[in-house]
Amino acid sequence: MNNFTYIRAASVKDAVQRTTNDNNAMLIAGGTNLVDRLKVFLDEPSQLIDISRLEMKRIEQTPEGGLSIGALVSNTALADHPDVRRDYPILARAILAGASQQIRNMATVGGNLLQRTRCPYYYDTAFACNKRQPGSGCPAATGINRSHAILGASDQCVAVQPSDMCVPLAALDAIVVVEGLKGKRQIPFTDFHRLPENTPQRDTNLEAGEVITSVILPPVPFAKSGVYLKLRDRASYAFALISVAAAVDLANEQIQDVRLAMGGVAHKPWRATEAEKFLIGKPANAATFQQAAEIALEGAKPLTHNSFKVELAKRAIRRALAVSTKGGGVGE
Ligand code: SF4
């Protein structure tokens, strides 16, 4: 680990100013991913700016009937909040499917959005990696790529975004509120993370110096029937091979509205918008869910070791949709 200066930010503006003035400065809150990266020299900041004591820890009702979640709310506090458990159980379930209790106690909402891929080549500096060093190569593309992307990848990077929490946030049309030198702006959740294309070193559309201050959840009444289904190699403390967030609004056995997103498949949480369009107005039955799953995976391009993910994702979608039409649950 390199030597760096440690500073506690006095305010969001102070944090923005400091990170804008110094390209090598980094923010730290819970540190549950950043400290791991510091230990293996993936990040070598000139200064660490601690924002963990700033006032961004509230969960409040919005005038529209949704929730505003401060960027420093811990994953545990968010999953345990009565409004989240009542109105967005799909979000609580996704959070509880991730990491461990100790990590969830430390990890923040903003940090969860900014955690980086767990591609093993990225963490091992003995290997080249375009995300770590642009232009150096992507050993995962031809190497061991069982856990890597099947959608939206490029020849530059085939990594997946690892978050559980971000999958229902994409499905629920959450909004990320950020503050920078030019003031505040809102980013639709599905535009927050990027596909790798030719710039795999950039995970998000945050501009230099911008700080996440909150995440807004719009009201989605049928989110109460939401399902988060996570499929992984072991039952706990493992990243998703495939995950699905689904919520169905059903009336007279016909789908009125639906949300569908996948994790573990791409460089960003993957919203299955074409499958959603197909589902609206259709009868809620196995044939409909099968067709929706086929549509959701239409553009899939599996790698050498992860073709199983395509079928696994289809089955997960079918199951998540079926469970959601029965009123929701964990889907497992
Ligand atoms: Fe690096 Fe991305 Fe390739 Fe992994 S998949 S080695 S993160 S460039």
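Threonine 108 counts as buried because its relative accessibility is 8%, where buried means under 20% relative accessible area with a 1.4 Å probe and protein chains only. This is a predicted model, in which local features need pLDDT of at least 70, side-chain atom pairs count only at pLDDT 80 or more, and totals for chains, interfaces and linings use all residues. Residues are numbered from 1 along each chain as its sequence is written, and side-chain values use heavy atoms, with hydrogens and water left out.

Threonine 108 sits in the loop that joins helix 6 (101–106) to helix 7 (109–114); helices here are DSSP runs of H or I with at least four residues, numbered from the N terminus. Its side chain comes to 3.0 Å from the backbone nitrogen of glycine 111. Leaving aside residues up to four places away in sequence, threonine 108 touches Ala29, Gly30, Ala71, Leu72, Val73, Ser74 and Asn75, contact being heavy atoms within 4.5 Å.

I turn now to the cavities. A cavity is a set of points, on a 1 Å grid over the protein atoms alone, where a 1.4 Å probe fits but cannot get out; lining residues have an atom within 4 Å of a point. Volume is the space filled by probe spheres set on the points, which are joined across faces, edges and corners.

How many cavities of 30 Å³ or more are there? The count is 2. The largest holds about 90 Å³, and among its 15 lining residues Cys119, Cys129, Cys138, Cys157 and Ala159 lie nearest the centre.

How values were computed
1 Å grid on protein atoms, 1.4 Å probe; cavity = no way out; pocket = protein on both sides within 12 Å on 5 of 7 lines; lining within 4 Å. Helix = DSSP H or I, 4+ residues; strand = E, 2+ residues; numbered from the N terminus. Buried < 20%, exposed > 50% of the residue type's maximum accessible area, 1.4 Å probe, protein only. Polar contact = N/O pair within 3.5 Å; in protein donor to acceptor, adjacent residues only side chain to side chain.
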